[in-house]
Amino acid sequence: MGKTGTRIVIMKNKATLHDEIECNNLGKSGNGAVGQRRCFKLGLDVELRNVAVAIQCERGPIGLAQKLSLQQLIALVKQKVAQGHAVYTVYECCGFGYTLHERLVEAGATSLITTPMRLNLERRRKNDRMDARELCVRLSRYVDGQRDELRAIRIPSRAEQQRRELGRQREFWKRQVRRLENHGRALRIEHEHESLEAGWAGPRKWKRIGPQCSAFVRGQLQPVMEQIRAAKANLDRLTREIEALVKEQTIPVGLGALTVSLIEGEVCDWQRFNKRKAVGSYTGCCPSEHSSGGVQRFGAIDRHGNKHLRVLLVEAVWRLLRWQPQWHARQKYLARLKHGASLKKKIAVALARQLAIDLWRWRTCRATAAELGWRVASVPLSDVK
């Protein structure tokens, strides 16, 4: 075997992150030359400090994934871009946000973020290097035109991320208040076999409830009460900030400024959807399906969507059923709403999907509030004293 053949065997068996440099030498032919523009595809499995990176040059073999620091990864991308090569990267959406994506784009790469998925359906093995390699395989097919290999997500802007974070921080403090109130309630049940009423940490209620507790329980509840009041102060502050974002707008009766602002914070941009099916899919309220041939079976909702948006929509539906009697979706399900509670819950989920579609139509001027059967407040919220 010649030297070129030997080099190929070594690269297949002991490939490293720097073996793609050899791709320039292996690619010599009558039509190519050393230093020609090439395409590098990087599959990334992201950690806090390090990234597992698998690299493919053109359609060559994929090297063994190795761990790099974030700085080394960015430096590698900048080096390839400076040499005139095209660099594609992909990693799964995770709790690290979009900071790495922004840095990769600044370095000159075409960065994709895909939804989390089970990358290898055959083997019961999973580690960072294997995931990085599987992502690189899918990225290679994606770049070649097989768009179903990756489910790339839309990257929100910084302003959209910050607005959405307001709603999620509000939900965090809301859970904190509930958790602390339950903690105080459990404390008194354990030591005095008595409970605490809802909102027991409020100044008026505590003035009445405090003397009823023993000195020990009162001493333990005091710091809990202070934390509850601090959490409620943060909750109220965030609520005012969120409502202020839509104070100049007219809001359909029953939805409320807080709900509309939270929904729009989760959606980011209604213009991103070009058809109603895309809106419904984003909510995760579409029914699951297991059909074959002439048999069609639908099940519970698939929940493949934004869970925060889904909760907001379901809560808003119950209010609209009361305050918007002429809503076209309510008229459609009016007869079925008179049945049992279990059926009402299923209909509420179906109406939540329809509400998202109606909001999309309203916000993109595809339909007016009157055409949807909504009554709108006569004046903007900023004019209400």
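**Basis of the description**

Helices are DSSP runs of H or I with at least four residues, and strands are runs of E with at least two, numbered from the N terminus. The model is predicted, so that local features need pLDDT of at least 70 and side-chain atom pairs count only at pLDDT 80 or more, whereas totals for chains, interfaces and linings use all residues. Residues are numbered from 1 along each chain as its sequence is written, and side-chain values use heavy atoms, with hydrogens and water left out.

**Helix α9 and its end**

Helix α9, residues 257–267, is mostly covered, with eleven of its eleven residues buried (under 20% relative accessible area, with a 1.4 Å probe and protein chains only). Among these buried residues are Leu258, Ile263 and Glu264. After α9 comes Cys268, which has a positive phi near 75°.

**Nonpolar cores**

A nonpolar core is a set of buried Ala, Val, Leu, Ile, Met, Phe, Trp, Tyr and Cys residues joined through side-chain atoms within 4.5 Å. The largest one has 38 residues, and Ile263, Trp270 and Leu313 are among those with the most contacts inside it. Elements giving two or more residues to this core include α9, α11 (307–323) and α13 (341–363), and α13 supplies the largest share, ten residues.

Leaving aside neighbours within four places in sequence, Trp270 is in contact (heavy atoms within 4.5 Å) with residues including Ile263, Glu264, Leu359 and Arg363.

Note on methods: Buried means under 20% relative accessible area, exposed over 50%, partly exposed in between (1.4 Å probe, protein chains only).
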